[in-house]
Amino acid sequence: LTETWLNDNIYDSELFDRNYNVFRRDRDYKQTGQIFGGGVLIATKSTLSVETRGDWSSGCEDVWVSIKSENKEVGINVCCVYLPPGNNFKNSLESFCENTSRLVLNNPDDRFLITGDFNLAGASWVCSQLDASYVLSDHTDNTNTLLKDFLSYTNLKQLNGIRNVNNKILDLVLVSDTSCEVAECGEP
C-alpha cells in the first residue's frame with residue numbers, strides 16, 4: 001500500500017488480523033514538515049517466512065522485506081515505495097535508484113519485486129516489442145532519463161500498463177523476473 005497516511009497512533013492490529021504480518025514505514029512528519037500523507041506498507045500472510053530488511057531502506061519512503069521460499073533460500077525481495085511529487089522529487093528518485101541499484105547488483109541471484117507510486121505524471125510508457133514489459137518512450141525529461149537508465153542498469157522491467165483516471169501510469173511494478181503479470185482488478 002502507498003500513501004497510507006498512517007502514524008504511530010494507528011496499530012497494525014487495527015488494519016489487519018493475526019493472519020497477516022505488517023511491515024510499514026510511516027512518513028516522518030517532523031522531518032518533512034508535512035501534517036498528513038505518505039507512508040508505505042507491505043502485509044504478508046503470517047504463514048510465510050518473511051524477514052524485514054530495514055537495512056535496505058533508502059532516504060525515501062520505502063519498505064523492504066525478503067520472503068523466503070520453502071527451502072529457506074530467498075524467494076523474492078519485495079519493496080513498496082512512495083515518491084511524493086514536489087521540489088525534492090528528483091533527489092528522492094535519484095536516492096531510491098542508487099540504493100536499489102546497489103541492492104540488485106549486490107544480490108544477482110535474488111528476485112526483486114518493487115511496487116509503488118513513482119509520481120512520473122509526464123512519463124509515457126509503451127509496450128515493449130521484446131516482452132510484456134513497458135518502456136519509457138519519452139527521454140527528454142531528466143527524471144524519465146534517470147529512470148530509464150536505472151531500469152537498463154539493473155535489468156528490471158516495468159510491467160504495469162494500467163492507466164489511472166487521468167490516463168497516466170503513476171504506479172509502477174518493477175521486476176527482475178518477467179514470469180509474472182499485472183492485471184486490473186475489475187471489482188476491488
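# A walk through the predicted chain

The side chains of Lys90 and Glu94 form a salt bridge, with 3.4 Å from N to O. This is a predicted model, so every value here is computed from its atoms. Both residues sit in helix α2, which spans residues 89–106. They are four residues apart, or about one turn of the helix. Lys90 is partly exposed, because its relative accessibility is 37%. Glu94 is partly exposed too, at 26% relative accessibility.

Now step back to the whole chain. It contains three helices and ten strands. Read from the N terminus, the order of elements is β-α-β-β-β-β-α-β-β-β-α-β-β. The chain has 188 residues, and a compact globule of that length would have a radius of gyration near 16 Å. The chain has 16 Å, so it agrees with that expectation. Along the principal axes, the C-alpha atoms fill a box of roughly 45 × 45 × 40 Å. Of the 188 residues, 37% are buried. Contacts across the sequence also matter to the picture. Among contacts with a separation of 6 or more, 51% join residues 24 or more positions apart.

Return to the charged pairs. How many salt bridges does the structure hold? There are eight. Another pair spans two strands. Arg25 and Asp62 meet through their side chains at 2.5 Å, N to O. Arg25 belongs to strand β1, residues 20–25, and Asp62 to strand β4. The pair therefore ties together parts that lie 37 residues apart in sequence. Are its two members buried or exposed? Arg25 is partly exposed, because its relative accessible area is 25%. Asp62 has 0% relative accessibility, so Asp62 counts as buried.

The side chain of Arg24 forms a salt bridge with Asp26, at 2.9 Å from N to O. Asp26 is partly exposed, since its relative accessible area is 23%. Asp12 joins this group as well: Asp12, Arg24 and Asp26 are linked in a network of salt bridges.

Asp117 is buried, yet has no salt bridge. Which side chain of opposite charge is nearest to Asp117? That is Arg27, and it is 9.3 Å away. Asp117 does have a polar partner. Its side chain reaches the backbone nitrogen of Asn119 at 3.0 Å. Leaving out residues up to four places away in sequence, Asp117 touches Thr2, Glu3, Val81, Tyr82, Leu83, Leu170 and Asp171.

The structure holds six aromatic pairs. One of them joins Trp56 and Trp64 edge-to-face, at 5.6 Å centre to centre and 75° between the planes. Trp56 is buried, because its relative accessibility is 6%. Trp64 is buried as well, at 1% relative accessibility.

Trp56 has a second ring partner. Trp56 and Phe112 form a stacked pair, with 6.2 Å centre to centre and 20° between the planes. Trp56 and Phe112 are both buried.

The last stop is Ala123. This residue has its place in the loop between β6 and β7 (125–127). Ala123 is buried, because its relative accessible area is 9%. Which residues does Ala123 contact beyond its neighbours within four places in sequence? They are Leu136 and Asn144. Ala123 and Lys90 are 33 residues apart in sequence, and their C-alpha atoms lie 14 Å apart in space.

Methods: Residues numbered from 1 in each chain as written. Predicted model: local features only at pLDDT ≥ 70, side-chain atom pairs only at ≥ 80, totals over all residues. Heavy atoms only, no water. Phe/Tyr/Trp six-rings, centres within 6.5 Å; stacked < 30°, edge-to-face > 60°. Buried < 20%, exposed > 50% of the residue type's maximum accessible area, 1.4 Å probe, protein only. Lys, Arg positive; Asp, Glu negative; His and termini not counted. Salt bridge = Lys/Arg side-chain N within 4 Å of Asp/Glu carboxyl O. Polar contact = N/O pair within 3.5 Å; in protein donor to acceptor, adjacent residues only side chain to side chain. Contact = heavy atoms within 4.5 Å. Rg over C-alpha atoms; globule rule 2.2 N^0.38 Å.
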